[in-house]
Amino acid sequence: MSHTRAFPEGFLFGAATAAYQIEGAAFEDGRTASIWDAFSRVPDAVINADNGDVACDHYHRYRDDVQVMKRLGLQTYRFSTSWSRVRPEGGALNPKGVDFYKRLVDELLDAGILPWLTLYHWDLPQALQDRGGWTVRETSDLFTEYALDMHDALGDRVDVWTTLNEPWCSSFLSYTAGAHAPGHYSQAEGMLAAHHLLLGHGQTVRELRARDASLNLGLTLNLTVADAVDPANPADLDAARRVDGQFNRWFLDPVFRGSYPADIIQDFRDVDSAAVARWQEAVLPGDLDVISTPIDTLGVNYYHGEFVGGTAPRVNPPGGDAPTVRATSSPFPAHENLFWHDRGLPRTTMGWEVQPEGLTQLLGRVSDEYSAAAGVALYVTENGAAYDDVPVIEGGETRVHDVERVEFVEAHLAAILDALDKGIDVRGYFYWSLLDNFEWAWGYEKRFGIVHVDYATQERTVKDSGLSYARVIAERALAGEGVLRLTS
């Protein structure tokens with residue numbers, strides 16, 4: 001017998017996007033190149049040499065897209081502003097770029113949708129990368145200036161401000177692994193980038209708080225649950241410790257505790273002592289006090305867990321890295337004797353495990369060890385899945401029957417309800433992504449959206465997952481068993 005589980009009053013339902021992945025208009029109205037405009041033109045860096053020049057053409061179609069959001073019943077929309085559009089070349093303010101975000105925010109407010117603004121989702125102006133990018137302290141200061149420009153423009157209409165999205169990706173995945181822009185291969189640069197990203201975060205929170213104490217301020221981290229293949233095996237436990245330390249604690253500890261994890265510093269030193277020495281010189285007195293400036297909200301991005309051990313598996317599990325020709329390396333500096341194993345869970349077309357119970361576990365761990373004592377609210381700011389969606393024509397209309405994504409969303413919303421039942425302060429959920437879009441090194445090969453985008457025509461089609469999610473939002477409840485009945 002089925003039953004329903006209600007979400008608490010005030011719980012927010014939304015969806016998320018990022019500027020470079022959807023806006024297009026890459027060189028219109030004064031916008032200049034970001035590191036992703038440059039990186040996507042590096043031979044073999046992105047599948048099919050795809051880029052974000054047009055993407056979903058959201059820059060010109062934002063009004064229609066907001067109407068799609070309204071149809072879905074979204075209460076909030078998480079989007080990012082493009083540094084390269086607002087301050088081209090990292091320099092003077094560009095009024096046309098700012099005006100776009102003013103129009104977007106006005107459209108959202110007119111539709112009754114809460115704007116949830118992210119200041120940095122990986123699109124550093126290329127001109128600043130040419131001066132060292134996130135490896136130099138100047139970028140932290142320039143980021144704070146850009147953030148204050150955005151507040152000058154939108155502070156009267158936007159109450160929720162997120163500084164960074166997934167700084168692990170824009171540091172270690174980008175400056176150490178070479179997999180994302182700017183595509184470097186340096187342990188030292190990854191460490192420096194992580195520190196200066198966090199420093200820019202802390203500085204911005206301080207400045208915005210001084211301007212308006214009523215703002216909801218925070219950042220978003222991509223976090224995981226690292227499980228040892230054999231909890232009784234010291235090598236497996238150490239592998240899990242190193243994944244957790246390099247992925248989770250390297251960012252959680254400075255923000256909530258004002259320190260970097262000592263065990264990971266030593267792990268990094270064992271790999272490259274010169275890199276650690278260079279990083280230590282860059283961490284100036286007072287930096288960690290700034291980084292640990294109190295926040296109101298922590299965004300948790302969760303896609304899958306990790307099943308890791310100290311010995312190689314007989315068969316390597318599918319990975320989530322784009323099969324590009326250009327070489328990449330590990331984003332984990334301390335990756336010796338670190339191996340991923342398969343535990344037999346279903347996988348998305350990214351090769352990522354589907355592990356909704358990991359979200360409950362993760363929210364509990366973050367709450368218990370970090371956020372609850374600090375009085376910081378948790379929001380799941382990204383969660384989603386890529387599947388091979390195939391549009392079909394039925395009754396003269398385009399439909400996308402993405403049953404796996406319907407089940408994915410339902411299972412992860414149930415995992416959040418499980419966390420709420422445990423007393424964990426989770427206040428909202430944002431599906432990633434509203435639209436199919438440019439998926440970084442994967443180009444347009446992977447579709448995460450609850451809205452299908454025909455890139456040739458830019459036609460939008462709400463998928464069955466979008467219809468299902470709309471019903472959850474309307475009813476503010478989740479069916480206890482089975483897949484929700486879909487309605488158009």
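A residue is called buried when its relative accessible area is under 20%, exposed when over 50%, and partly exposed in between, using a 1.4 Å probe and protein chains only. This is a predicted model, in which local features need pLDDT of at least 70 and side-chain atom pairs count only at pLDDT 80 or more, while totals for chains, interfaces and linings use all residues. Residues are numbered from 1 along each chain as its sequence is written, and side-chain values use heavy atoms, leaving out hydrogens and water.

Rings of Phe, Tyr and Trp (its six-membered ring) pair if their centres lie within 6.5 Å, and planes under 30 degrees apart count as stacked, over 60 as edge-to-face and the rest as tilted. The count comes to 42 aromatic pairs, and two of them are set out below.

| Pair | Centre to centre | Angle between planes | Type |
|---|---|---|---|
| Tyrosine 59 and phenylalanine 100 | 4.6 Å | 35° | tilted |
| Tryptophan 122 and tryptophan 440 | 4.7 Å | 40° | tilted |

Tryptophan 122 and tryptophan 440 are 318 residues apart, so their pair links distant parts of the chain. Both tyrosine 59 and phenylalanine 100 are buried. Ring pairs also join Trp122 and Trp440 into a cluster with Tyr20, Trp36, Phe39, Phe438, Tyr444 and Tyr455.

Note on methods:
Helices (H or I, at least four residues) and strands (E, at least two) are DSSP runs, numbered from the N terminus.
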